[in-house]
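Biologist: I'd like to learn how to read a model like this one. Please take me through it feature by feature.

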Amino acid sequence: MLRSYTHTRRVPVGGLAIDPLTEAEVVARVLDALDRGRGGWIVTPNVDILRQVSRDAALRAQLGAADLVVADGAPLVWAARLAGRALPARVPART
């Protein structure tokens, strides 16, 4: 699983803890997990999802259980910075 590779402390933003990783670090962790035959679950919350998380404890718990939680929005990066705990960058979801 991806989380077993994570040696970072998650940054709390709007009720959800987010992994302080760059896009390149996420890609490296995914490729490493694939090489090891492991899977994982990545969530990419944005401001709208954080708004939902603030009102729904079950959703908050579900998303918090993901192997990686990375910010899919610059406002999350800004909010973390304002709170004194920086996220390195947004990691946009790709389709």
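Predicted model: local features only at pLDDT ≥ 70, side-chain atom pairs only at ≥ 80, totals over all residues.

Biologist: Is L31 buried, exposed or partly exposed?

Modeller: L31 counts as partly exposed, because its relative accessibility is 46%. Buried means under 20% relative accessible area, exposed over 50%, and partly exposed in between (1.4 Å probe, protein chains only).

Biologist: Which residues of helix α4 are buried?

Modeller: In α4 (residues 74-82), they are L76, V77 and A80. Viewed down the axis, these buried residues fall within an arc of 100 degrees (taken from the directions from the helix axis to the C-beta atoms), so they line one face of the helix. R81 and L82, on the other side of α4, are exposed. The cover over the buried residues includes β1 (11-13), β2 (16-18) and α2 (47-55). Just after α4 comes G84, with a positive phi of about 85 degrees.

Biologist: How many residues does the largest nonpolar core have?

Modeller: In soluble globular proteins, nonpolar side chains tend to be buried together. Here the largest such core has 16 residues, and V13, I18 and L87 have the most contacts inside it. At least two residues each come from β1, β2, α2, α3 (57-64) and α4, and α4 gives the largest share, 3 residues. By definition, a core joins buried Ala, Val, Leu, Ile, Met, Phe, Trp, Tyr and Cys residues through side-chain atoms within 4.5 Å.

Biologist: What about charged pairs: how many salt bridges does the structure hold?

Modeller: There are 4 salt bridges, each a side-chain nitrogen of Lys or Arg within 4 Å of a carboxyl oxygen of Asp or Glu. One of them joins D19 and R10 at 3.0 Å, N to O, and both of these residues are buried. Another pairs D72 with R90 at 3.3 Å, N to O. D72 lies in the loop between β4 (68-69) and α4, and R90 in the segment after α4, so this pair ties together parts that are 18 residues apart in sequence. D72 is buried at 17% relative accessibility, whereas R90 is partly exposed at 38%.

Key. Residues numbered from 1 in each chain as written. Heavy atoms only, no water. Helix = DSSP H or I, 4+ residues; strand = E, 2+ residues; numbered from the N terminus. Contact = heavy atoms within 4.5 Å.
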